[in-house]
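Thanks for asking me to look this over with you. Here are my notes, in numbered points.

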Amino acid sequence: MNTHEIRLRRERFGQEMREKIRAGVIGATGMVGQRFVTLLENHPYFTLTAVAASARSAGQTYENAVGNRWKMATPIPEEAKNLIVTDASDIDAIKDKVDFVFSAVDMKKEEIQALEEAYAKAEIPVVSNNSAHRWTSDVPMIIPEINDSQMDIIPSQRRRLGTKRGFIAVKPNCSIQAYVAALTPLMKYGVKEVVVTTYQAISGAGKNFADWPEMVDNLIPFIGGEEEKSEKEPLKIWGKINGGIIVNAEAPIITSQCLRVPITDGHTCAAFVRFENKPTKEQILEDWKNFKGAPQLLGLPHAPEQFITYCEEENRPQAKLDRDIYGGMGITIGRLREDTLFDYKFVGLAHNTLRGAAGGAVLCAELLFREGYLD
C-alpha cells in the first residue's frame with residue numbers, strides 16, 4: 001500500500017458512517033485476556049460483546065470468574081463485569097454474539113491450533129496472541145508498521161479453510177518487537193548478522209511478583225522456546241508471499257539468548273549488528289526517526305504517533321521510565337554506537353503486554369478492520 005492509497009482510504013473512512021463491530025475475547029480471564037478487555041473499553045471501532053474461558057469459568061459473570069486474579073492497574077471495565085463467560089470450546093454459543101475474536105487461550109499448542117481453526121471455519125475471524133499458528137504458512141504474522149502486506153495472504157488461507165469471512169492472523173513474539181522494529185528500516189543497508197540478548201519481564205510469563213516471589217532479586221538465564229522464536233520469527237516477518245504461502249527471508253542470521261529478569265513489564269534487548277554496506281550513525285538515526293507505517297498514516301486508535309523514539313541519554317531506555325511511551329505502543333531505542341567486533345550495537349525496549357501482546361493484536365485488528373477484512 002503506498003502513501004497515496006492510504007490517504008484516499010483515510011479520507012473515505014472519515015466520510016463513511018460505520019457501526020462498531022462486535023469483538024469477543026477467548027481466554028479472557030488470563031493476564032493477556034484481561035489486557036484485551038481493558039483495551040476494548042470505549043474503543044472507537046470495536047465493542048466487547050463476549051468473553052470466553054475454560055469450562056470451569058463458564059456461566060459466571062466475568063467479574064466473578066476473574067475474582068481476585070485481576071492483574072491490571074485499572075479496574076475491570078463496567079461493560080465487561082456482567083458479561084456471562086462462555087466456554088471457549090462452545091463455538092455455537094458464541095458465534096452469534098461476535099463478528100470476530102481475539103485469542104489468548106492457555107492450552108496445548110495443538111489444541112490452540114484446532115480451536116482457532118474451528119472458529120475461523122465457523123466464519124469468525126481470529127486475531128491471535130498465541131504462537132500456535134505463527135508457522136502456518138498461509139497465516140500472516142503481523143507487526144502492523146512493518147509487514148501489513150502479509151494481509152494479502154488471507155484470501156489464500158480462506159480458500160484452504162473453505163471460508164468466506166473466517167481466517168486467522170497472529171502477532172509475533174513479544175521479545176522481538178524492539179529489535180525487529182529497529183532493524184527493519186536498516187534492511188536497505190544489507191543486515192547480515194545480528195546477535196541479540198533479551199531481558200524479559202515477568203509479565204511475559206503471565207505472572208507478577210505476588211505469584212512468583214522467586215523472581216525477586218533474581219535472574220533466570222532460560223525461557224523455554226524463546227531463543228528459537230527470537231531467531232526465526234523475524235525471518236517470517238520479513239518474508240514475502242509466493243505461491244499462496246509466506247516464504248521466509250533468508251537473511252540476516254540471528255543468534256540470541258533470552259533471560260528472565262525481575263521487572264514487572266517491558267522487554268529490553270541488547271543487539272549487535274553487521275551490515276553489507278555500513279551506514280553512518282547519522283543515517284541510522286534519521287531512518288529511525290522517519291520510520292512509519294500504515295498505522296501512523298491511517299491514524300489508527302492504538303498507533304503510536306512516533307513508532308521509534310531514540311533516547312540521547314546514556315542510561316536510557318529504562319523499563320520503568322520508558323515502557324509506557326505512547327500508551328505502551330511505542331518502541332524506544334538508545335545507546336547506538338560503533339562496536340569493536342560488529343558494526344553497531346544498541347539497546348531497545350518494548351512494552352511486552354501492550355505492544356508485544358494484546359496491544360499489538362488490537363492494532364493488527366484495527367488495521368484489518370480498516371482494510372475490510374472484518375466487515
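1. Where is S57 found? S57 is in the loop that runs between β2 (46-53) and α3 (62-66). Helices (H or I, at least four residues) and strands (E, at least two) are DSSP runs, numbered from the N terminus.

2. A word on the source: this is a predicted model, where local features need pLDDT of at least 70, side-chain atom pairs count only at pLDDT 80 or more, and totals for chains, interfaces and linings use all residues. Residues are numbered from 1 along each chain as its sequence is written, and side-chain values use heavy atoms, leaving out hydrogens and water.

3. Back to S57: it counts as buried because its relative accessibility is 6%, and buried means under 20% relative accessible area (1.4 Å probe, protein chains only). Leaving aside residues up to four places away in sequence, S57 touches T29, A65 and V85; contact means heavy atoms within 4.5 Å.

4. Now helix α10 (residues 226-237). Its twelve residues should span 16 Å at 1.5 Å a residue, and its end C-alpha atoms are 16 Å apart, which agrees. The expected span is 1.5 Å times one less than the number of residues.

5. The buried residues of α10 include E226, S230 and E233. Among the elements covering the buried residues of α10 are α7 (144-147), α9 (177-183) and β7 (191-200).

6. How many disulfides does a search of the whole structure find? The search finds zero, a disulfide being a pair of cysteine sulfur atoms within 2.5 Å. For C258, the nearest cysteine sulfur, that of C174, is 9.5 Å away. C258 counts as buried because its relative accessibility is 0%.

Definitions and conventions:
Buried means under 20% relative accessible area, exposed over 50%, partly exposed in between (1.4 Å probe, protein chains only).
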